[in-house]
Amino acid sequence: MKRYFHNFGERLIEGILALSGAVTSLTVLLIVVFLFKEGLGLFSQHPVSEGGVIVVNNQNPVKELSAKQIKEIYDQNITNWKEVGGKNQPIKIFRLEDITDYYPEEQLGANFEYLPQRLSELVSKQPEIIAYFPEQYLSKNFQGHPIELENITLGSFLGGKEWYPTIQPAVQMGVLPLILGTLWVSFGAILIALPLGLAAAIYTAEIADNKVRNTLKPVIELLAGIPSVVYGFFGLVVLVPLIQKVFGLPVGETALAGSIILGIMALPTIISVTDDAMRTTPRAMKEASLALGATKWQTIYKVVIPYSISGISTAAILGIGRAIGETMAVLMVTGNASVIPHTFLEPVRTIPATIAAELGEAPQGGIHFQALFALGCILFLMTLIINVSVDMVSAKKKANR
Amino acid sequence: MYSLESKDLHLYYGDFHALKGITMGMKKNEVTAFIGPSGCGKSTYLRCFNRMNDLIDNVRIDGEVLVDGVDIYQKSILVDDLRTHVGMVFQKPNPFPKSIFENVAYGLRVNGTKDKNLIAERVETSLKQAALWDEVKDKLKKSAFELSGGQQQRLCIARALAIEPSVLLMDEPASALDPISTAKIEELIYQLKENYTIIIVTHNMQQAGRVSDNTAFFYMGELVEYGKTKNIFTSPKDTRTQNYVTGRFG
């Protein structure tokens with residue numbers, strides 16, 4: 001009887017463990033599916049701003065424009081219909097606030113009740129016009145035809161150089177500056193963190209005596225426990241003004257500031273993983289080197305580092321992973337300008353910072369909202385690649401033993 | 001003159017008195033076996049001759065250790081130089097994660113030899129001396145980890161020989177190997193005797209009997225008895241030695 005209960009208990013525990021495993025996997029799967037479902041919805045959206053409509057004169061042969069072309073037209077970089085496949089005539093831009101230039105207020109009605117009719121009239125009279133106004137003013141028998149916007153394609157999303165998700169009349173969803181911003185900041189961070197982390201790890205693993213090591217290790221691990229917003233705050237108050245002063249910049253919020261902060265944040269990971277890898281170097285191997293007359297430093301760079309090289313690469317990749325996904329600190333110090341950076345002394349905008357900053361103001365289910373989810377997918381894929389490479393490096397490490 | 005000698009050597013690990021006044025000398029071209037139960041201090045004593053004990057914290061040494069008549073614990077001695085004269089082979093094969101060639105060339109490279117031809121020549125002679133050349137001459141570029149345990153140990157011996165030491169310290173060199181590999185190592189020790197002073201620490205009485213000219217029996221940090229191997233095994237003077245070599249304890 002007792003045995004029976006014992007067995008039952010074992011089964012129960014096994015069941016609970018299996019269940020928690022299943023629940024975890026399912027949750028992860030659900031999150032990924034949700035992310036991609038929302039993100040991919042973007043590519044069936046027209047990039048025209050919410051609730052707006054773009055119309056042209058009925059005689060105008062142009063039926064379809066890309067979001068980029070519309071922005072160029074409204075920025076007056078494209079000034080002739082010929083450039084977008086129409087007749088050779090200059091483009092006349094019309095925004096709703098321009099209506100009073102054409103009609104006195106009494107003709108629009110006290111509550112703008114005649115506005116749809118006047119808009120229709122205006123568009124039918126002006127063959128060169130392109131007009132953008134809210135959809136609610138589009139009358140039933142409107143004289144003119146709306147411009148169809150091309151769907152956002154993966155190519156224009158990934159390769160687009162402009163990220164203006166709320167601009168009117170057509171939103172610009174090019175994430176290249178954000179991807180490059182993320183990569184720049186992360187690359188800079190690893191450039192700072194790797195040499196520093198490697199040096200510190202060599203010191204703690206090989207040179208420091210036990211007393212120093214036992215004080216230093218907890219301090220380094222404490223660094224990992226500081227909330228990222230505190231790092232951001234430190235960066236904003238100390239680092240940003242410093243960079244501004246040292247380089248004589250108009251603003252100190254730059255990729256460099258983000259890289260330094262991220263570098264500091266990646267340090268504990270890099271030091272811990274490298275230190276652990278180096279300490280797995282068999283004592284016998286180090287002794288063999290010393291017994292052959294090698295100095296301590298020769299032993300470190302000819303035996304310890306080659307032996308732990310895969311651990312060091314894992315540390316570097318994990319450090320990059322930490323840097324790529326970091327949000328708050330970067331949001332606070334990088335200046336968040338969505339332009340393609342050319343030097344470390346320019347402001348950049350990273351993917352996580354973009355999502356954090358913009359999700360609050362993006363209407364749920366809208367194009368902006370979905371674009372942010374698509375950004376999330378890109379970030380997810382980036383970190384996935386990093387994790388897979390960590391696995392591959394560690395697998396190689398096991399094969400080497 | 002002795003090749004290796006110690007005079008009233010005391011060694012302490014913190015408070016633990018590990019070696020208690022060891023005085024003995026070893027001649028050139030002779031193999032001396034150190035025997036004794038685990039923890040008797042024989043490996044610790046061996047490691048005094050190339051100052052490997054320096055790596056351990058809290059080690060204190062009193063007395064003199066002489067290599068070719070020079071006190072190796074005096075301040076003017078460079079430890080790196082000392083270790084090129086006193087080579088060491090460890091209990092477990094411990095090749096570097098490098099190619100077979102680079103393993104043997106390592107000692108030359110760290111000691112500043114740049115001449116490629118000289119290195120290649122030394123690698124070949126060392127591997128031949130270690131009776132490994134024929135087995136590895138076609139795969140010198142392969143990782144040393146691809147060799148068997150016995151081959152790895154002979155590689156480690158070749159590595160130690162490449163820098164042309166005058167002394168070879170062997171800390172249970174065959175304890176991790178199978179009987180065939182062990183026989184090869186013993187054969188090797190016999191041949192190397194011609195050019196080197198050899199000390200071998202071993203737990204294997206038969207091995208001590210086969211390879212050594214002299215045997216020293218250590219017990220609880222003391223040198224109990226030291227003499228011709230023949231005498232130690234057939235007519236030991238001390239009862240502790242007798243009990244140990246006849247297998248009554250240890």
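In this predicted model, about 1800 Å² of area is buried between chain B and chain A, and carbon and sulfur atoms give 62% of it. On the side of chain B, the residues that lose the most area to chain A are B:Pro97, B:Tyr106 and B:Val110, which together make up 26% of what that side buries. Counted by residues, 26 of chain B are in contact with 20 of chain A.

The table gathers the values computed for this pair of chains.

| Item between chain B and chain A | Value |
|---|---|
| Buried area | about 1800 Å² |
| Salt bridges | 1 salt bridge |
| Polar contacts | 6 residue pairs (both at pLDDT 80 or more) |

A salt bridge links B:Arg47 with A:Glu287, and the closest N and O atoms of this pair are 2.9 Å apart. Several elements of chain B, namely α2 (79-85), β6 (86-89), α3 (100-110) and α6 (149-162), each supply at least two residues of the side that touches chain A. The largest share of that side, 4 residues, comes from α3(B).

How is α3(B) placed within the structure? Because 8 of its 11 residues are buried, α3(B) is largely enclosed by the rest of the structure. The buried residues of this helix are B:Ile100, B:Asn103, B:Val104, B:Ala105, B:Tyr106, B:Gly107, B:Leu108 and B:Val110. They pack against elements of both chains: α11 (283-291) and α12 (296-307) of chain A, together with α4 (116-129), α5 (133-136) and α6 of chain B. After α3(B) comes B:Gly112, whose phi is positive, near 95 degrees.

In soluble globular proteins, nonpolar side chains tend to be buried together. The largest nonpolar core here has 82 residues, and those with the most contacts inside it are B:Phe34, B:Tyr45, B:Leu127, B:Ile157 and B:Leu169. One of these, B:Ile157, is in contact with B:Val89, B:Ala130, B:Met170, B:Ile185, B:Leu188 and B:Leu192, when its neighbours within four places in sequence are left aside. Apart from this core lies another, of 29 residues, which includes A:Ile324, A:Ile351, A:Ala371 and A:Leu375.

As for the layout of chain A, the chain is divided into domain 1 (2-44), domain 2 (52-150) and domain 3 (176-400). Taken over C-alpha atoms, the centres of domain 2 and domain 3 of chain A are separated by 51 Å.

Key: Residues are numbered from 1 along each chain as its sequence is written. Chains are lettered from A and ligands numbered from 1 in the order in which they are written. This is a predicted model: local features need pLDDT of at least 70, side-chain atom pairs count only at pLDDT 80 or more; totals for chains, interfaces and linings use all residues. Side-chain values use heavy atoms; hydrogens and water are left out. Domain bounds come from an automatic or database domain assignment. A nonpolar core is a set of buried Ala, Val, Leu, Ile, Met, Phe, Trp, Tyr and Cys residues joined through side-chain atoms within 4.5 Å. Buried means under 20% relative accessible area, exposed over 50%, partly exposed in between (1.4 Å probe, protein chains only). Contact means heavy atoms within 4.5 Å. Buried area is the accessible area (1.4 Å probe) that two parts lose on being put together, summed over both. A salt bridge is a side-chain nitrogen of Lys or Arg within 4 Å of a carboxyl oxygen of Asp or Glu. A polar contact is a pair of N or O atoms within 3.5 Å; within protein, one must be able to donate a hydrogen and the other to accept it, and residues adjacent in sequence count only if both atoms are side-chain atoms.
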